[in-house]
Amino acid sequence: YQRRVHGGSEWGLGWIAVVLGFLSLYFYLTANPRRRRRVQPPPPASSTASILGKNCYLGWKILFNLKALRQGSGLGAQDRELLLRLCGICDVYLLEKVSDVEEEDSVKKFCLETGLVGAGFDLCKLLTCSTDKGVLAIGRQLAPALFVDDDAASVEYLAAHLPHVVLIQPSAGETKAHPVLKNVCVSASAAEFFRSLS
């Protein structure tokens, strides 16, 4: 009989120890700010257009979809000048959708002929894919600070994953905030967008 009572008291002490252990852990986790899960603040009410300051992009990783910069088979003079300047002060990546190796080779030749390689662009940062899904995958995996494209669907998708996105629409005129997406600017050209930051 004494053995059963003694065993019962040990059992009761064990439960008390377990409960005290859980309570201690709970209070430790809730009281210690380093252990708390960091909650991301909500995005600011203002748009990318008003957040970005003068020359804030220095040193940024920037991904351009070449299609958004090309005029016919070449670059517009202002966009070419912009890329040449950015190659020296930013981590520039270029993206192009191609259907075969010949198109990929012509894009490399294009980068050489426009002087981008001479200005510091690394051909290893010329990224190619064959589908729209490839464009989205590259944009997400590369995770640039700024993505520039003229495809509204790509911009809308990547705006949920990247901090700053620019939608190129030649009819846009001056750079302005996107009416719905807070981290997206709409601009007539890449050169116009960067001019608005100078």
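The model is predicted, so local features are reported only at pLDDT of at least 70 and side-chain atom pairs only at pLDDT 80 or more, whereas totals for chains, interfaces and linings use all residues. Residues are numbered from 1 along each chain as its sequence is written, and side-chain values use heavy atoms, with hydrogens and water left out.

The secondary structure comprises eight helices and nine strands. Helices (H or I, at least four residues) and strands (E, at least two) are DSSP runs numbered from the N terminus. Of the 198 residues in the protein, 35% are buried; buried denotes under 20% relative accessible area, exposed over 50%, and partly exposed in between, with a 1.4 Å probe and protein chains only. Among contacts with a separation of 6 or more, 56% are between residues 24 or more positions apart, a contact being heavy atoms within 4.5 Å.

Seven strands form an open sheet with mixed pairing and the order 5-4-1-6-7-9-8. Strand 5 and strand 8 stand at the edges with a single partner strand each, so one side of each has no neighbour in the sheet. Strands are taken to pair if DSSP finds at least two bridges between them. Strand 1 runs parallel to strand 4, to which five bridges join it, and I62 has V92 as its bridge partner in strand 4. Strand 1 also runs parallel to strand 6, here with three bridges, and in strand 6 the residue opposite I62 is L146. Strand 6 is in turn joined to strand 7 by four bridges, again in parallel; D149 stands opposite L167 of strand 7. In strand 6, L146 and V148 point one way and F147 and D149 the other, and all are buried.

Strand 7 (residues 164–168) and strand 9 run parallel and are joined by four bridges, with V165 opposite V184. Strand 9 (residues 184–187) has V184 and V186 pointing one way and C185 and S187 the other way, all of them buried. In a regular strand, side chains alternate between the two faces of the sheet. Strand 8 (residues 176–177) pairs with strand 9 in the antiparallel sense over two bridges, and A177 has C185 as its bridge partner.

Residue N65 belongs to strand 1 (residues 61–65). With a relative accessible area of 5%, N65 is buried. The side chains of N65 and D149 are joined by a polar contact of 3.1 Å. A polar contact is a pair of N or O atoms within 3.5 Å; within protein, one must be able to donate a hydrogen and the other to accept it, and residues adjacent in sequence count only if both atoms are side-chain atoms. Leaving aside residues up to four places away in sequence, N65 touches L95, E96, V135, V148 and D149.

Helix 6 has as its buried residues G134, V135, L136, I138, G139 and L142. These buried residues pack against strand 1, strand 4 (91–97), strand 5 (126–129), strand 6 and helix 7 (152–158). A143 lies in the loop between helix 6 (132–142) and strand 6 (146–149). A143 is not a glycine, yet has a positive phi of about 50°. Most residues other than glycine have a negative phi. A143 counts as partly exposed, at 44% relative accessibility.

The largest pocket holds about 150 Å³ of space. Pockets were defined on a 1 Å grid over the protein atoms alone, as open sets of points where a 1.4 Å probe fits, with protein on both sides within 12 Å along at least five of seven lines; lining residues have an atom within 4 Å of a point. Grid points are joined across faces, edges and corners, and the volume is the space filled by probe spheres set on the points. The lining consists of Q78, E81, L82, R85, A191, F194, R195 and S198. Helix 4 (77–89) and helix 8 (190–196) each supply at least two lining residues, and helix 4 gives the most, with four. By class, three lining residues are nonpolar, two polar and three charged; Ala, Val, Leu, Ile, Met, Phe, Trp, Tyr, Cys and Pro count as nonpolar, Asp, Glu, Lys and Arg as charged, and the others, Gly among them, as polar.
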